[in-house]
Amino acid sequence: MVSEEGRSVVINGERFRVYLDRETIERRVRDIADAISRDYEGKTPIFIGVLNGAFIFLADLMRHVRIDCEVDFLKLSSYGAERITSGKVRELKRIDADIENRHVIVVEDIVDTGLSMDWIMDHLAEHRPASLSTAVLLHKPDASRTKVSLDYVGFRIENKFVVGYGLDYAQVGRHLPDLYMLDPSGQ
Ligand code: IMP
């Protein structure tokens with residue numbers, strides 16, 4: 001359950017504080033949409049959103065893009081109720097679109113260890129797209145366990161757990177319009 005007190009929320013008994021407010025996020029999402037509109041002009045890219053976390057970022061990104069584009073989704077196993085990755089990636093939903101010879105942009109909420117994105121890139125490359133790139137709202141460089149290359153990055157953030165703007169803690173907190181970071185002091 002989420003209880004809000006000004007600039008902080010308590011989720012599952014732990015306190016999170018506002019880290020990126022909605023205006024800051026919106027400005028950066030527009031920047032990324034502008035860059036994609038320039039880079040993919042005339043190419044009708046297909047966005048592949050990674051469920052569940054990317055759905056809000058993807059929706060906002062697509063609304064700001066000024067070129068023809070399509071969308072599809074895949075879903076991987078999540079962290080469950082934990083804040084730490086199991087390190088194992090499992091596919092829960094496959095893409096439906098035929099992406100052979102298409103320009104594909106994978107849209108993720110956050111790259112933490114990078115294991116999910118690494119798996120996705122290897123897996124989608126097997127479908128022989130014309131190009132394959134990544135748009136991620138958040139990147140935690142200090143948590144990285146892979147060398148995955150990221151093309152469009154919203155914010156590079158500290159290695160702390162975050163919720164809101166699509167990201168959850170044990171499925172709670174996705175609806176929050178701002179992004180919150182775990183406050184270890186909890187005060
Ligand atoms: P990775 O495979 O470790 O890079 O983690 C990727 C997935 O873990 C993301 O798509 C998120 O669903 C989840 N995740 C990683 N860090 C966070 C966080 O700080 N808050 C919420 N979810 C996270």
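Two strands are taken to pair if DSSP finds at least two bridges between them. Helices (H or I, at least four residues) and strands (E, at least two) are DSSP runs, numbered from the N terminus. The structure is a predicted model, in which local features need pLDDT of at least 70 and side-chain atom pairs count only at pLDDT 80 or more, while totals for chains, interfaces and linings use all residues. Residues are numbered from 1 along each chain as its sequence is written, and side-chain values use heavy atoms, with hydrogens and water left out.

Six strands make up an open sheet with mixed pairing, in the order β6-β5-β4-β7-β8-β9. β6 (91-93) and β9 (152-156) stand at its edges, each with a single partner strand, so one side of each is left without a neighbour in the sheet. On average, neighbouring strands of this sheet are turned by 25° against each other, direction ignored; axes are lines fitted to C-alpha atoms, for helices over the stretch in contact, and angles run from 0 to 180 degrees between N-to-C directions. Strands β4 (residues 46-51) and β7 (residues 103-111) run parallel and are joined by four bridges. I48 has V106 in β7 as its bridge partner.

Helix α2 (residues 55-64) touches β4, β5 (70-76), β7 and β8 (131-139), and its direction makes about 155° with that of β4. Helix α3 (residues 115-125) touches β4, β5, β6, β7 and β8, its direction making about 165° with that of β7.

The ligand comes next. It is surrounded by 15 residues, the closest being D112, T113, G114, S116 and V162; a residue counts as near if one of its heavy atoms lies within 4 Å of the molecule. By class, this shell has seven nonpolar, three polar and five charged residues. Here Ala, Val, Leu, Ile, Met, Phe, Trp, Tyr, Cys and Pro count as nonpolar, Asp, Glu, Lys and Arg as charged, and the others, Gly among them, as polar.

Polar contacts are pairs of N or O atoms within 3.5 Å. A backbone N or O atom of D112 lies 2.8 Å from an oxygen atom of the ligand, and a polar side-chain atom of T113 lies 2.5 Å from a ligand oxygen atom. For V162, a backbone N or O atom is 2.6 Å from a nitrogen atom of the ligand. Taken alone the ligand exposes 490 Å², of which the protein buries 91% (areas by the Shrake-Rupley method with a 1.4 Å probe). β7 and α3 are the elements that give two or more residues to the shell, and the largest share, four residues, comes from β7.

Note on methods. Contact = heavy atoms within 4.5 Å. Polar contact = N/O pair within 3.5 Å; in protein donor to acceptor, adjacent residues only side chain to side chain.
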